[in-house]
Amino acid sequence: MTKKILFLSIALVASMYLFAQKQEKIYYDKDWKGCSQSKAEFYRVVNYDANGKPVGKVMDYFITGELQSEIDGATYIDKNDDTKSVFIGFSRGFFKSGAKEFERFNDNQGKTITHKIWYENGNLSADGTFKNEQPVTVKKWYRNGNLMSDEKFENGKYEGNATYYYESGKLYRKFIFTDGKLADKFFLECDEFGKCQNVFYENFYSSDNVNQWIIGNNKDLSSEILPEKGLLMKFKTDHNGFRNSINIPLNLTENFSIETVVDFKNGETNNGHGIIWGFKDWDNYSFFGISANGYYVIMTQTEGVSLTIKEWTKSDIINQNKQRNMLKLLRIDDKIYFSINQQLVYSDNFYGFRGNNIGFYTLGKKEVLYENLIVKQDFSNSENSNASKTNSNSDWRGNGSGFFIDYRGYIATNYHVIKDATQIEINFIRDGQQQAFNAEVIQSDRQNDLAILKISDSSFKPFTNVPYNFQTTLSDVGTNIFALGYPMANIMGSEIKFTDGKISSRTGVQGDITMYQISVPIQSGNSGGALFDYDGNLVGVTSAGLNRDYFNSENVNYAIKSSYLKNLIEVLPVSVRLPNDKTIATKTLTEKIKILSDYVVLIKIK
């Protein structure tokens, strides 16, 4: 009898709870603003408790009845503007066809932790992770499945690499950020045919003045950054000219361009304003300017001698008085071209210059706004250009493999790969582009057949990190492993090669404890390459294969254990931070190979 009363009590409480809940249907327009049923594109079904708080799942539908989204829960529903609603837990959305559109997870405060979006064809469109509502990583894809962009953040600011691609999959732009600011004046920009330029782009977006323009106010002039508008220069008195420029180094062996949009605001119309470049001092500089009454001039000062390239000339191309004009100079081989508003006005033989300051020069009493400054530098033919160096092996005595152990350009390989080398070149792919740098040996261990190299070219830009984990503990027999390297590059080509197998033994020839015996095929040129397990841990350095003809053996190969490489690293004259990135473990094998391949190098020697 007592149990029966208990069950009846529970049932009564449950029925009272259900009775206390109230279900409501809310209508929204296409922008998820509250509206009447007749104007609605969506409707929402929500259960509220006796206190008017939403409870249970929130279900959204297209007005035609198809499920649009399913949300684990909400702490607040705004019936007038859904952007103000606060959702918690996991939510998933759908296209009208029923195909998955998005997945999102919010914490108990409603802050987004992860967010994925799909195209209706099933290809991923965007994938982001967040911390305190600030993005940490955001990737986007084109509808065809090719990557569109890959961005990293820290504390809501860009940090590390931000890379963008054309729909074809080829690299479009590459930025390197530190604390939200470009780590270098230039970023990389490529066309769809693989030709790349270094680009400096100043659009005065904020008042931070990261490029250190002259800012100030005195009795003669004032200069200030107007965020998202430009650099405003006001000249209160007549003067002989004022320069506002910054150091932007150019390589005179390569083509380049300089451009700006200048907006005349007020003042004298018969004096010039425009681009100054090649400035070393007032005895060495060049100037391309216009006046608000429709004239342009090109002149240069060399060793104190003034040379007029083009005297003041009237042009109908110039927008007169209080209007904007685009000025651009373009150097192509032995010619230099000058344009106003994208129309050529003059060309001449290219003449060199002495300085690297580029910016703006203004004459007379006036007010001028410089909206931007864009400098582009080719590097395809440069001696120091990464893109210009080839993978040709015709001039090289031999080749092997290696891999990065530190973001600053330290590379591990076998000693026998670089033994007696007089010149070493490192080749690898970075963000889809071929890279080539000179390197030098900084430490070697002949007994254990190991060596550490360091890229010696000043043009090398450090990585943000090296994305694998350096394992120093022993791996078990039977562990699945794979090698990445460049076997027989002169015959098999310079594309990185993948081979896989297992650890066959924890010791090498005649019980050598420094080595693993592995079933991964090792060819000439594989020596010095990286050996990973399937979690992305570095377990060894591929070294050699047993002589098949002499020993009548098949597929008996060896790798030096990573712990012995660690011993060599510890005696380097500099401190090296061993890679410890374990995020790669969650990737598929195909993704692991794609990521790790950028950090395995072809080593060529003379």
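G294 sits in the loop that joins strand 22 (284–290) to strand 23 (295–302), where strands (E, at least two residues) and helices (H or I, at least four) are DSSP runs numbered from the N terminus. This is a predicted model, in which local features need pLDDT of at least 70 and side-chain atom pairs count only at pLDDT 80 or more, while totals for chains, interfaces and linings use all residues. Residues are numbered from 1 along each chain as its sequence is written, and side-chain values use heavy atoms, with hydrogens and water left out.

User: Is G294 buried or exposed, and which residues does G294 touch?

Analyst: Buried means under 20% relative accessible area, exposed over 50%, and partly exposed in between, with a 1.4 Å probe and protein chains only. G294 is buried, at a relative accessible area of 0%. Contact means heavy atoms within 4.5 Å; leaving out residues up to four places away in sequence, G294 touches T313, K314, S315, I318 and Q320.

User: What lines the largest cavity?

Analyst: On a 1 Å grid over the protein atoms alone, a cavity is a set of points where a 1.4 Å probe fits but cannot get out, and lining residues have an atom within 4 Å of a point. The structure holds one cavity of 30 Å³ or more, and the largest has a volume of about 40 Å³, a volume being the space filled by probe spheres set on the points. Its lining includes V262, D263, H273, I318 and N325, and strand 20 (residues 256–267) gives the most, with three residues.

User: Which members of the largest nonpolar core touch the most others?

Analyst: A nonpolar core is a set of buried Ala, Val, Leu, Ile, Met, Phe, Trp, Tyr and Cys residues joined through side-chain atoms within 4.5 Å. Of the 49 residues in the largest one, F403, F404, I426 and L565 touch the most other members. Apart from it lies another core, of 41 residues, among them I246, W277, F288 and V345.

User: Which residues of helix 6 are buried?

Analyst: In helix 6 (residues 589–596), K592, I593 and L596 are buried. They lie on the same side of helix 6, because they cover an arc of only 95° around the axis, taken from the directions from the helix axis to the C-beta atoms. The face turned away from that buried side carries the exposed residues T590 and K594, whereas the cover over the buried residues includes strand 37 (480–485) and strand 43 (600–605).

Terms used. 1 Å grid on protein atoms, 1.4 Å probe; cavity = no way out; pocket = protein on both sides within 12 Å on 5 of 7 lines; lining within 4 Å.
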